[in-house]
Amino acid sequence: SEAHSYSNEEFLQCLASNNSTSDISKVVYTPQNSSYSSVLQFSMKNLRFNTATTPKPVAIITPVDVSQIQAAITCSRKHGLQIRVRSGGHDFEGLSSVSILPFVIVDFINLRSVTVDVENINAWVQSGATLGELYYKIAEKSKTLAFPAGSCPSIGVGGHFSGGGYGPLLRKYGFAVDNIIDAQLVDVNGRILDRSSMGEDLFWAIRGGGGNTFGIVVSWKINLVPVPPTVTVFSVVRVVDDNAAKLVNRWQYVANKLDEHLTIYCFLISVDLNGDGRVEGAALFSALFLGGVDRLLRLVQEKFPEMGLKRENCTEMSWIESILYFAGLPSNTSVDALLNRTSRSKSNVKLKSDYVKEPVPENAWGEIWKRLNQVEIGALVLVPYGGKMSEIPESSTPYPHRAGNLFKVGYVVDWNETDKEASRRHISWIRKLYKYMTPYVSKNPREAYVNYRDLDIGRNNYVGNTSYRKASIWGTKYFKNNFDRLVRVKTEVDPGNFFRNEQSIPPLLT
Ligand code: FDA
(Lines give C-alpha, C1' and ligand atoms only; values in the text may rest on other atoms or scores of the structure.)
Protein backbone atom coordinates (compact mmCIF):
# COMPACT_ATOMS: atom_id res chain seq x y z
CA SER A 1 0.00 0.00 0.00
CA GLU A 2 3.02 2.33 0.17
CA ALA A 3 2.69 4.34 -3.04
CA HIS A 4 6.10 6.06 -2.86
CA SER A 5 4.77 9.10 -4.65
CA TYR A 6 4.54 12.37 -2.87
CA SER A 7 2.26 15.26 -3.65
CA ASN A 8 1.98 18.00 -1.10
CA GLU A 9 -1.65 18.62 -1.92
CA GLU A 10 -2.68 14.98 -1.71
CA PHE A 11 -0.75 14.41 1.53
CA LEU A 12 -2.50 17.35 3.19
CA GLN A 13 -5.87 16.15 1.89
CA CYS A 14 -5.14 12.71 3.27
CA LEU A 15 -4.39 14.17 6.71
CA ALA A 16 -7.64 16.16 6.68
CA SER A 17 -9.78 13.20 5.67
CA ASN A 18 -8.16 10.78 8.13
CA ASN A 19 -8.69 12.91 11.16
CA SER A 20 -12.15 13.02 12.62
CA THR A 21 -11.81 14.66 16.03
CA SER A 22 -10.07 17.97 15.30
CA ASP A 23 -8.91 20.26 12.49
CA ILE A 24 -5.45 18.94 11.68
CA SER A 25 -4.65 21.74 9.21
CA LYS A 26 -4.05 24.04 12.21
CA VAL A 27 -1.11 21.91 13.33
CA VAL A 28 0.55 21.19 9.98
CA TYR A 29 3.43 23.38 8.81
CA THR A 30 4.80 23.16 5.27
CA PRO A 31 7.61 25.31 3.81
CA GLN A 32 4.89 27.64 2.44
CA ASN A 33 3.86 28.42 6.01
CA SER A 34 5.48 31.50 7.60
CA SER A 35 6.17 29.75 10.92
CA TYR A 36 7.65 26.61 9.31
CA SER A 37 11.28 27.61 10.02
CA SER A 38 10.70 28.68 13.60
CA VAL A 39 8.74 25.49 14.40
CA LEU A 40 11.49 23.43 12.76
CA GLN A 41 14.29 25.16 14.63
CA PHE A 42 12.73 25.58 18.04
CA SER A 43 13.43 22.02 19.19
CA MET A 44 16.60 21.53 17.17
CA LYS A 45 19.37 21.59 19.76
CA ASN A 46 22.48 20.79 17.75
CA LEU A 47 23.55 23.41 15.19
CA ARG A 48 25.42 20.75 13.18
CA PHE A 49 22.02 19.83 11.72
CA ASN A 50 20.72 23.32 11.22
CA THR A 51 22.53 24.46 8.09
CA ALA A 52 21.29 25.67 4.71
CA THR A 53 22.12 22.31 3.16
CA THR A 54 20.55 20.11 5.87
CA PRO A 55 17.56 18.24 4.35
CA LYS A 56 14.25 19.71 5.54
CA PRO A 57 10.92 17.95 6.21
CA VAL A 58 8.09 18.29 3.68
CA ALA A 59 5.85 18.98 6.67
CA ILE A 60 5.92 19.28 10.44
CA ILE A 61 2.88 18.03 12.32
CA THR A 62 2.45 19.13 15.94
CA PRO A 63 -0.45 16.93 17.08
CA VAL A 64 -2.78 18.00 19.85
CA ASP A 65 -4.42 14.59 20.14
CA VAL A 66 -3.77 10.93 19.33
CA SER A 67 -6.05 10.85 16.28
CA GLN A 68 -3.68 13.29 14.57
CA ILE A 69 -0.77 10.92 15.21
CA GLN A 70 -2.81 8.10 13.67
CA ALA A 71 -3.50 10.29 10.61
CA ALA A 72 0.20 11.19 10.30
CA ILE A 73 1.15 7.50 10.24
CA THR A 74 -1.58 6.45 7.79
CA CYS A 75 -0.87 9.28 5.35
CA SER A 76 2.94 9.09 5.55
CA ARG A 77 2.76 5.37 4.71
CA LYS A 78 0.35 6.00 1.87
CA HIS A 79 2.54 8.70 0.33
CA GLY A 80 5.91 7.02 0.85
CA LEU A 81 7.17 9.49 3.45
CA GLN A 82 9.36 8.66 6.43
CA ILE A 83 8.38 9.85 9.89
CA ARG A 84 10.86 11.36 12.30
CA VAL A 85 9.34 11.65 15.79
CA ARG A 86 10.61 14.54 17.86
CA SER A 87 10.05 15.18 21.56
CA GLY A 88 12.83 17.36 23.01
CA GLY A 89 15.03 17.34 19.89
CA HIS A 90 18.25 16.52 21.78
CA ASP A 91 19.35 13.59 19.62
CA PHE A 92 23.13 14.02 19.28
CA GLU A 93 23.06 13.03 15.58
CA GLY A 94 19.96 15.10 14.81
CA LEU A 95 17.92 11.99 13.93
CA SER A 96 14.64 13.50 15.14
CA SER A 97 14.89 16.45 12.77
CA VAL A 98 16.71 15.24 9.67
CA SER A 99 16.44 12.47 7.09
CA ILE A 100 17.97 12.09 3.66
CA LEU A 101 14.72 10.61 2.30
CA PRO A 102 11.50 12.69 2.01
CA PHE A 103 10.10 12.92 5.53
CA VAL A 104 7.71 14.55 7.96
CA ILE A 105 8.40 15.44 11.58
CA VAL A 106 5.80 14.49 14.17
CA ASP A 107 6.71 17.02 16.86
CA PHE A 108 5.37 16.47 20.39
CA ILE A 109 5.58 20.12 21.46
CA ASN A 110 1.78 20.20 22.15
CA LEU A 111 1.54 16.83 23.91
CA ARG A 112 3.26 17.41 27.21
CA SER A 113 0.84 16.95 30.08
CA VAL A 114 2.04 15.49 33.38
CA THR A 115 -0.48 13.97 35.83
CA VAL A 116 0.97 13.12 39.23
CA ASP A 117 -0.85 10.69 41.54
CA VAL A 118 0.75 11.16 44.95
CA GLU A 119 -1.44 8.59 46.65
CA ASN A 120 -0.37 5.80 44.31
CA ILE A 121 3.17 7.19 43.92
CA ASN A 122 3.08 7.28 40.13
CA ALA A 123 2.48 9.63 37.21
CA TRP A 124 1.46 9.68 33.55
CA VAL A 125 3.69 11.88 31.42
CA GLN A 126 3.30 12.63 27.72
CA SER A 127 6.37 12.29 25.51
CA GLY A 128 6.54 16.00 24.67
CA ALA A 129 7.09 17.05 28.30
CA THR A 130 10.65 18.02 29.12
CA LEU A 131 12.40 16.52 32.15
CA GLY A 132 12.22 20.00 33.70
CA GLU A 133 8.44 20.03 33.33
CA LEU A 134 8.17 16.51 34.74
CA TYR A 135 10.35 17.31 37.78
CA TYR A 136 8.52 20.60 38.39
CA LYS A 137 5.10 18.89 38.37
CA ILE A 138 6.30 16.17 40.77
CA ALA A 139 7.77 18.71 43.20
CA GLU A 140 4.60 20.80 43.00
CA LYS A 141 2.71 17.84 44.51
CA SER A 142 5.34 16.43 46.89
CA LYS A 143 8.73 17.43 48.30
CA THR A 144 9.67 13.81 49.00
CA LEU A 145 8.96 12.19 45.64
CA ALA A 146 11.25 12.27 42.62
CA PHE A 147 12.06 10.51 39.36
CA PRO A 148 15.48 9.08 38.38
CA ALA A 149 16.26 10.58 34.96
CA GLY A 150 18.65 13.02 33.25
CA SER A 151 20.02 16.26 34.59
CA CYS A 152 19.44 18.56 31.61
CA PRO A 153 15.92 20.03 32.06
CA SER A 154 15.28 20.66 28.36
CA ILE A 155 15.62 16.98 27.36
CA GLY A 156 12.36 15.51 26.04
CA VAL A 157 10.77 12.58 27.86
CA GLY A 158 10.00 10.79 24.54
CA GLY A 159 13.55 10.32 23.29
CA HIS A 160 15.11 10.07 26.75
CA PHE A 161 12.90 7.18 27.92
CA SER A 162 13.19 5.48 24.50
CA GLY A 163 16.97 5.22 25.02
CA GLY A 164 17.35 4.61 28.79
CA GLY A 165 17.74 7.85 30.74
CA TYR A 166 20.02 8.30 33.74
CA GLY A 167 20.79 11.02 36.25
CA PRO A 168 22.35 11.41 39.70
CA LEU A 169 19.77 9.03 41.26
CA LEU A 170 21.01 6.07 39.19
CA ARG A 171 23.00 4.38 41.96
CA LYS A 172 19.90 4.29 44.18
CA TYR A 173 17.09 3.77 41.63
CA GLY A 174 18.62 2.79 38.29
CA PHE A 175 17.57 4.35 34.98
CA ALA A 176 14.31 5.99 33.96
CA VAL A 177 13.39 2.82 32.03
CA ASP A 178 13.69 0.76 35.22
CA ASN A 179 10.80 2.77 36.64
CA ILE A 180 8.29 2.76 33.75
CA ILE A 181 5.16 0.66 34.36
CA ASP A 182 2.88 1.34 31.38
CA ALA A 183 2.80 3.30 28.12
CA GLN A 184 0.49 4.39 25.35
CA LEU A 185 1.80 3.77 21.83
CA VAL A 186 0.48 4.19 18.29
CA ASP A 187 1.77 1.36 16.10
CA VAL A 188 2.49 1.20 12.37
CA ASN A 189 -1.15 0.30 11.69
CA GLY A 190 -2.40 3.28 13.64
CA ARG A 191 -3.63 1.18 16.55
CA ILE A 192 -3.54 2.71 20.03
CA LEU A 193 -1.98 0.20 22.43
CA ASP A 194 -1.23 0.10 26.14
CA ARG A 195 0.91 -2.36 28.10
CA SER A 196 -1.68 -5.10 28.18
CA SER A 197 -2.69 -4.80 24.52
CA MET A 198 0.87 -4.40 23.18
CA GLY A 199 2.19 -7.35 25.18
CA GLU A 200 5.31 -7.68 27.31
CA ASP A 201 7.78 -8.05 24.41
CA LEU A 202 6.90 -4.71 22.81
CA PHE A 203 6.58 -3.06 26.21
CA TRP A 204 10.09 -4.33 27.01
CA ALA A 205 11.48 -3.05 23.69
CA ILE A 206 10.22 0.52 23.98
CA ARG A 207 11.94 0.92 27.36
CA GLY A 208 15.41 1.59 26.00
CA GLY A 209 15.55 -0.03 22.53
CA GLY A 210 15.94 3.37 20.86
CA GLY A 211 13.38 5.86 19.54
CA ASN A 212 11.61 5.98 16.18
CA THR A 213 11.68 2.18 15.88
CA PHE A 214 8.65 0.37 17.31
CA GLY A 215 5.95 3.04 17.00
CA ILE A 216 5.19 6.46 18.41
CA VAL A 217 5.00 6.54 22.19
CA VAL A 218 2.41 9.08 23.27
CA SER A 219 2.74 8.77 27.04
CA TRP A 220 4.40 6.81 29.82
CA LYS A 221 3.28 5.72 33.28
CA ILE A 222 6.12 5.93 35.76
CA ASN A 223 6.69 4.94 39.36
CA LEU A 224 7.91 7.84 41.46
CA VAL A 225 10.66 7.24 44.01
CA PRO A 226 11.08 8.52 47.59
CA VAL A 227 13.73 11.12 48.42
CA PRO A 228 14.40 12.80 51.79
CA PRO A 229 13.19 16.41 52.26
CA THR A 230 16.86 17.47 52.46
CA VAL A 231 19.56 16.33 50.07
CA THR A 232 23.14 17.59 49.89
CA VAL A 233 25.16 18.59 46.82
CA PHE A 234 28.81 19.46 46.48
CA SER A 235 31.40 20.40 43.89
CA VAL A 236 35.14 20.09 44.37
CA VAL A 237 37.71 21.13 41.73
CA ARG A 238 41.28 19.85 41.73
CA VAL A 239 43.84 20.98 39.10
CA VAL A 240 46.50 18.75 37.59
CA ASP A 241 49.31 20.47 39.49
CA ASP A 242 47.47 19.65 42.69
CA ASN A 243 47.49 15.89 42.08
CA ALA A 244 44.18 15.68 40.21
CA ALA A 245 45.33 12.50 38.47
CA LYS A 246 45.83 10.73 41.81
CA LEU A 247 42.37 11.73 42.92
CA VAL A 248 40.69 10.59 39.69
CA ASN A 249 42.60 7.36 40.00
CA ARG A 250 41.29 6.85 43.52
CA TRP A 251 37.75 7.82 42.44
CA GLN A 252 37.74 4.88 39.98
CA TYR A 253 38.16 2.45 42.87
CA VAL A 254 35.85 4.14 45.35
CA ALA A 255 32.90 5.84 43.57
CA ASN A 256 31.22 2.63 42.40
CA LYS A 257 31.38 1.06 45.87
CA LEU A 258 30.08 3.95 47.95
CA ASP A 259 26.73 3.93 49.73
CA GLU A 260 24.11 4.00 46.94
CA HIS A 261 22.66 7.24 48.36
CA LEU A 262 25.78 9.03 47.11
CA THR A 263 26.65 9.59 43.44
CA ILE A 264 29.85 11.48 42.65
CA TYR A 265 30.22 12.40 38.95
CA CYS A 266 33.74 13.22 37.82
CA PHE A 267 34.26 15.73 34.98
CA LEU A 268 37.65 15.97 33.33
CA ILE A 269 37.95 19.48 31.95
CA SER A 270 40.41 22.10 30.95
CA VAL A 271 40.00 25.45 32.71
CA ASP A 272 41.44 28.93 32.88
CA LEU A 273 41.17 29.23 36.67
CA ASN A 274 43.08 32.49 37.02
CA GLY A 275 41.54 34.22 34.03
CA ASP A 276 44.99 34.82 32.52
CA GLY A 277 44.36 32.81 29.34
CA ARG A 278 46.47 29.86 30.55
CA VAL A 279 44.39 26.69 30.50
CA GLU A 280 45.17 23.75 32.71
CA GLY A 281 43.66 20.34 33.23
CA ALA A 282 41.34 19.78 36.18
CA ALA A 283 38.93 17.29 37.68
CA LEU A 284 35.55 18.52 38.89
CA PHE A 285 33.73 16.21 41.30
CA SER A 286 30.04 16.98 41.45
CA ALA A 287 27.79 14.99 43.74
CA LEU A 288 24.30 14.33 45.03
CA PHE A 289 23.75 12.74 48.43
CA LEU A 290 20.27 11.64 49.56
CA GLY A 291 20.66 12.91 53.12
CA GLY A 292 22.05 15.74 55.24
CA VAL A 293 25.53 17.23 55.30
CA ASP A 294 26.69 15.68 58.60
CA ARG A 295 26.15 12.13 57.40
CA LEU A 296 27.72 12.95 54.05
CA LEU A 297 30.88 14.35 55.64
CA ARG A 298 31.26 11.28 57.85
CA LEU A 299 30.78 8.97 54.88
CA VAL A 300 33.29 10.74 52.63
CA GLN A 301 35.79 11.08 55.46
CA GLU A 302 35.64 7.33 55.97
CA LYS A 303 35.61 6.11 52.35
CA PHE A 304 37.19 8.86 50.26
CA PRO A 305 39.28 11.09 52.58
CA GLU A 306 41.69 11.94 49.72
CA MET A 307 39.07 14.30 48.31
CA GLY A 308 39.38 16.57 51.35
CA LEU A 309 35.68 17.40 51.30
CA LYS A 310 34.83 20.33 53.57
CA ARG A 311 31.54 21.51 54.96
CA GLU A 312 31.84 24.74 52.93
CA ASN A 313 31.88 22.71 49.69
CA CYS A 314 28.43 21.32 50.54
CA THR A 315 24.93 22.75 50.32
CA GLU A 316 21.76 21.26 51.74
CA MET A 317 18.64 21.73 49.64
CA SER A 318 15.47 20.07 48.39
CA TRP A 319 15.64 17.51 45.57
CA ILE A 320 14.02 19.92 43.10
CA GLU A 321 16.67 22.55 43.93
CA SER A 322 19.33 19.93 43.24
CA ILE A 323 17.91 19.67 39.71
CA LEU A 324 18.70 23.38 39.19
CA TYR A 325 22.15 22.81 40.67
CA PHE A 326 22.97 19.93 38.31
CA ALA A 327 21.61 21.93 35.39
CA GLY A 328 24.31 24.50 36.21
CA LEU A 329 21.81 27.27 36.95
CA PRO A 330 22.77 30.05 39.40
CA SER A 331 21.83 29.31 43.02
CA ASN A 332 19.12 32.00 43.22
CA THR A 333 17.26 30.65 40.16
CA SER A 334 13.55 30.04 40.70
CA VAL A 335 12.24 26.52 40.07
CA ASP A 336 9.96 28.09 37.44
CA ALA A 337 13.05 28.07 35.20
CA LEU A 338 12.40 24.34 34.77
CA LEU A 339 9.33 25.19 32.70
CA ASN A 340 11.38 27.16 30.17
CA ARG A 341 11.70 25.07 27.02
CA THR A 342 14.06 27.45 25.28
CA SER A 343 17.65 26.20 25.32
CA ARG A 344 20.05 28.54 27.02
CA SER A 345 22.53 28.29 24.18
CA LYS A 346 22.85 26.28 21.04
CA SER A 347 26.11 25.09 19.59
CA ASN A 348 27.67 22.35 17.50
CA VAL A 349 28.15 19.20 19.55
CA LYS A 350 29.65 15.75 19.01
CA LEU A 351 29.49 13.03 21.65
CA LYS A 352 30.86 9.53 22.07
CA SER A 353 30.58 7.03 24.92
CA ASP A 354 32.40 4.14 26.56
CA TYR A 355 32.12 1.81 29.54
CA VAL A 356 35.06 1.08 31.83
CA LYS A 357 35.41 -2.26 33.63
CA GLU A 358 39.01 -2.08 34.89
CA PRO A 359 40.60 1.06 36.35
CA VAL A 360 42.34 3.22 33.72
CA PRO A 361 46.09 3.52 34.50
CA GLU A 362 46.91 6.79 36.24
CA ASN A 363 49.27 8.05 33.53
CA ALA A 364 46.49 7.95 30.90
CA TRP A 365 44.67 10.83 32.64
CA GLY A 366 47.64 13.12 31.96
CA GLU A 367 47.46 12.36 28.23
CA ILE A 368 43.69 13.00 28.27
CA TRP A 369 44.21 16.43 29.86
CA LYS A 370 46.85 17.25 27.26
CA ARG A 371 44.26 16.55 24.59
CA LEU A 372 41.53 18.50 26.39
CA ASN A 373 43.81 21.54 26.38
CA GLN A 374 43.74 21.48 22.55
CA VAL A 375 40.05 22.43 22.28
CA GLU A 376 38.07 25.26 23.75
CA ILE A 377 35.12 23.28 25.10
CA GLY A 378 35.74 19.58 25.61
CA ALA A 379 35.17 17.25 28.54
CA LEU A 380 34.96 13.69 29.74
CA VAL A 381 32.02 12.97 32.01
CA LEU A 382 32.58 9.92 34.20
CA VAL A 383 29.42 8.50 35.77
CA PRO A 384 29.93 5.94 38.56
CA TYR A 385 27.97 2.68 38.47
CA GLY A 386 27.51 0.05 41.20
CA GLY A 387 24.66 0.20 43.72
CA LYS A 388 21.28 -0.49 42.11
CA MET A 389 22.91 -0.59 38.65
CA SER A 390 24.67 -3.84 39.60
CA GLU A 391 21.47 -5.45 40.86
CA ILE A 392 19.35 -5.07 37.73
CA PRO A 393 19.80 -7.99 35.27
CA GLU A 394 21.15 -7.08 31.80
CA SER A 395 18.05 -8.42 30.11
CA SER A 396 15.55 -6.64 32.35
CA THR A 397 15.30 -3.79 29.80
CA PRO A 398 17.12 -3.29 26.47
CA TYR A 399 19.71 -1.13 28.33
CA PRO A 400 22.34 -3.82 29.10
CA HIS A 401 25.27 -1.99 30.74
CA ARG A 402 24.85 -3.04 34.37
CA ALA A 403 27.03 -5.10 36.76
CA GLY A 404 30.73 -5.19 36.00
CA ASN A 405 31.01 -1.55 34.98
CA LEU A 406 33.02 0.81 37.15
CA PHE A 407 31.78 3.85 35.24
CA LYS A 408 30.48 5.20 31.98
CA VAL A 409 32.44 7.77 29.99
CA GLY A 410 30.83 10.49 27.89
CA TYR A 411 33.23 12.39 25.63
CA VAL A 412 31.94 15.74 24.48
CA VAL A 413 33.22 18.50 22.25
CA ASP A 414 31.37 21.73 21.59
CA TRP A 415 32.12 24.56 19.17
CA ASN A 416 30.50 27.74 17.93
CA GLU A 417 32.21 28.31 14.57
CA THR A 418 29.90 27.43 11.69
CA ASP A 419 32.49 26.66 8.99
CA LYS A 420 33.14 23.13 7.74
CA GLU A 421 36.81 23.25 8.75
CA ALA A 422 35.90 23.83 12.40
CA SER A 423 33.52 20.92 12.26
CA ARG A 424 36.14 18.66 10.68
CA ARG A 425 38.74 19.70 13.27
CA HIS A 426 36.56 19.08 16.32
CA ILE A 427 35.12 15.79 15.08
CA SER A 428 38.59 14.55 14.23
CA TRP A 429 39.76 15.57 17.72
CA ILE A 430 37.09 13.51 19.48
CA ARG A 431 37.62 10.51 17.19
CA LYS A 432 41.34 10.51 18.00
CA LEU A 433 40.64 10.73 21.71
CA TYR A 434 38.22 7.79 21.39
CA LYS A 435 40.88 5.81 19.56
CA TYR A 436 43.42 6.62 22.26
CA MET A 437 41.04 5.18 24.88
CA THR A 438 40.69 1.80 23.15
CA PRO A 439 42.95 -0.23 25.48
CA TYR A 440 41.22 1.08 28.61
CA VAL A 441 37.53 0.49 27.84
CA SER A 442 35.11 -2.39 27.17
CA LYS A 443 35.91 -4.72 24.27
CA ASN A 444 34.03 -7.23 22.10
CA PRO A 445 31.88 -5.33 21.79
CA ARG A 446 33.10 -1.86 22.62
CA GLU A 447 29.90 -0.86 24.40
CA ALA A 448 28.08 2.45 23.88
CA TYR A 449 25.00 4.27 25.18
CA VAL A 450 22.21 4.68 22.62
CA ASN A 451 21.10 8.01 24.11
CA TYR A 452 24.62 9.29 23.37
CA ARG A 453 23.89 8.63 19.71
CA ASP A 454 27.04 8.20 17.65
CA LEU A 455 26.82 7.27 13.97
CA ASP A 456 30.59 6.60 13.86
CA ILE A 457 29.98 3.17 15.42
CA GLY A 458 27.88 1.93 12.49
CA ARG A 459 24.70 2.84 10.65
CA ASN A 460 21.89 1.40 8.58
CA ASN A 461 21.63 1.82 4.82
CA TYR A 462 20.11 5.09 3.67
CA VAL A 463 17.91 3.37 1.15
CA GLY A 464 16.78 -0.24 1.12
CA ASN A 465 16.87 -2.81 3.85
CA THR A 466 19.68 -3.24 6.34
CA SER A 467 20.72 -6.78 7.15
CA TYR A 468 20.80 -8.20 10.66
CA ARG A 469 24.54 -8.61 10.23
CA LYS A 470 25.17 -4.98 9.30
CA ALA A 471 22.92 -3.59 12.04
CA SER A 472 24.46 -5.86 14.66
CA ILE A 473 27.74 -3.91 14.25
CA TRP A 474 26.24 -0.93 16.08
CA GLY A 475 23.35 -2.86 17.67
CA THR A 476 25.43 -5.13 19.89
CA LYS A 477 27.45 -2.13 21.12
CA TYR A 478 24.30 -0.42 22.33
CA PHE A 479 22.31 -3.48 23.40
CA LYS A 480 24.70 -6.44 23.75
CA ASN A 481 22.68 -9.71 23.82
CA ASN A 482 19.42 -7.78 23.96
CA PHE A 483 19.90 -6.87 20.28
CA ASP A 484 18.49 -10.23 19.14
CA ARG A 485 15.29 -9.85 21.14
CA LEU A 486 14.89 -6.29 19.82
CA VAL A 487 15.17 -7.62 16.24
CA ARG A 488 12.54 -10.28 17.00
CA VAL A 489 10.14 -7.66 18.39
CA LYS A 490 10.72 -5.34 15.44
CA THR A 491 10.10 -8.19 12.96
CA GLU A 492 6.84 -8.90 14.73
CA VAL A 493 5.45 -5.36 15.08
CA ASP A 494 6.83 -3.51 12.05
CA PRO A 495 7.98 -6.09 9.47
CA GLY A 496 7.90 -3.50 6.67
CA ASN A 497 10.35 -1.29 8.61
CA PHE A 498 8.22 1.84 8.36
CA PHE A 499 9.63 3.40 11.53
CA ARG A 500 13.31 3.71 10.84
CA ASN A 501 16.40 5.87 11.02
CA GLU A 502 20.17 5.46 10.72
CA GLN A 503 20.31 3.39 13.90
CA SER A 504 16.86 1.85 14.29
CA ILE A 505 16.54 -1.89 14.85
CA PRO A 506 15.80 -3.54 11.47
CA PRO A 507 13.35 -6.42 11.02
CA LEU A 508 14.73 -9.75 9.79
CA LEU A 509 14.61 -9.84 6.01
CA THR A 510 12.22 -12.41 4.57
P1 FDA B 1 14.68 13.72 20.34
O2 FDA B 1 13.35 14.36 20.20
O3 FDA B 1 15.77 14.19 19.45
O4 FDA B 1 14.52 12.14 20.25
C5 FDA B 1 15.60 11.23 20.31
C6 FDA B 1 15.23 9.95 19.54
O7 FDA B 1 14.01 9.39 20.03
C8 FDA B 1 14.98 10.22 18.05
O9 FDA B 1 15.34 9.07 17.31
C10 FDA B 1 13.49 10.41 17.99
O11 FDA B 1 12.95 10.17 16.70
C12 FDA B 1 12.99 9.41 19.03
N13 FDA B 1 11.74 9.82 19.67
C14 FDA B 1 11.47 11.03 20.24
N15 FDA B 1 10.23 11.03 20.73
C16 FDA B 1 9.68 9.83 20.48
C17 FDA B 1 8.41 9.26 20.76
N18 FDA B 1 7.46 9.95 21.37
N19 FDA B 1 8.17 7.99 20.35
C20 FDA B 1 9.13 7.27 19.69
N21 FDA B 1 10.35 7.77 19.41
C22 FDA B 1 10.63 9.04 19.81
N23 FDA B 1 20.99 11.42 28.63
C24 FDA B 1 20.95 10.83 29.86
O25 FDA B 1 20.59 9.67 29.97
N26 FDA B 1 21.30 11.57 30.97
C27 FDA B 1 21.70 12.87 30.90
O28 FDA B 1 21.98 13.49 31.93
C29 FDA B 1 21.74 13.48 29.61
N30 FDA B 1 22.14 14.79 29.47
C31 FDA B 1 22.07 15.40 28.24
C32 FDA B 1 22.37 16.75 28.12
C33 FDA B 1 22.28 17.38 26.89
C34 FDA B 1 22.61 18.85 26.78
C35 FDA B 1 21.88 16.65 25.74
C36 FDA B 1 21.78 17.33 24.38
C37 FDA B 1 21.57 15.30 25.85
C38 FDA B 1 21.66 14.66 27.09
N39 FDA B 1 21.36 13.30 27.24
C40 FDA B 1 21.36 12.72 28.48
C41 FDA B 1 20.97 12.50 26.07
C42 FDA B 1 19.46 12.42 25.90
O43 FDA B 1 18.92 11.52 26.84
C44 FDA B 1 19.11 11.92 24.48
O45 FDA B 1 19.61 12.80 23.53
C46 FDA B 1 17.59 11.73 24.33
O47 FDA B 1 17.33 10.81 23.30
C48 FDA B 1 16.90 13.04 24.04
O49 FDA B 1 15.53 12.92 24.02
P50 FDA B 1 14.69 14.06 23.26
O51 FDA B 1 13.26 13.69 23.30
O52 FDA B 1 15.10 15.40 23.75
O53 FDA B 1 15.29 13.92 21.79
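Between which two helices does the loop that holds P445 lie? The points below answer this and describe other features of the structure.

1. This is a predicted model, in which local features need pLDDT of at least 70, side-chain atom pairs count only at pLDDT 80 or more, and totals for chains, interfaces and linings use all residues. Residues are numbered from 1 along each chain as its sequence is written, and side-chain values use heavy atoms, with hydrogens and water left out.

2. P445 is placed in the loop between α13 (420-436) and α14 (468-479). Helices (H or I, at least four residues) and strands (E, at least two) are DSSP runs, numbered from the N terminus. The peptide bond leading from N444 to P445 is cis, and its omega is near 0 degrees. N212 is not a glycine, yet its phi is positive, near 60 degrees. Most residues other than glycine have a negative phi, and most peptide bonds are trans.

3. The ligand is surrounded by 31 residues, counted when one of their heavy atoms lies within 4 Å of it. The closest are V85, S87, S96, H160 and Y449. By class, the shell holds ten nonpolar, 18 polar and three charged residues. Here Ala, Val, Leu, Ile, Met, Phe, Trp, Tyr, Cys and Pro count as nonpolar, Asp, Glu, Lys and Arg as charged, and the others, Gly among them, as polar.

4. Of the 960 Å² of accessible area that the ligand has on its own, the protein covers 91% (Shrake-Rupley method, 1.4 Å probe). The elements giving two or more residues to the shell are β3 (82-86), α5 (157-163) and β10 (216-223). Among elements, α5 gives the most, with three residues.

5. Helices α8 (residues 244-254) and α11 (residues 362-372) have axes that come within 9 Å and cross at roughly 125 degrees. Axes are lines fitted to C-alpha atoms, for helices over the stretch in contact, and angles run from 0 to 180 degrees between N-to-C directions. That angle makes α8 oblique to α11. Angles under 35 degrees count as roughly parallel, over 145 as roughly antiparallel, 65 to 115 as roughly perpendicular and the rest as oblique.
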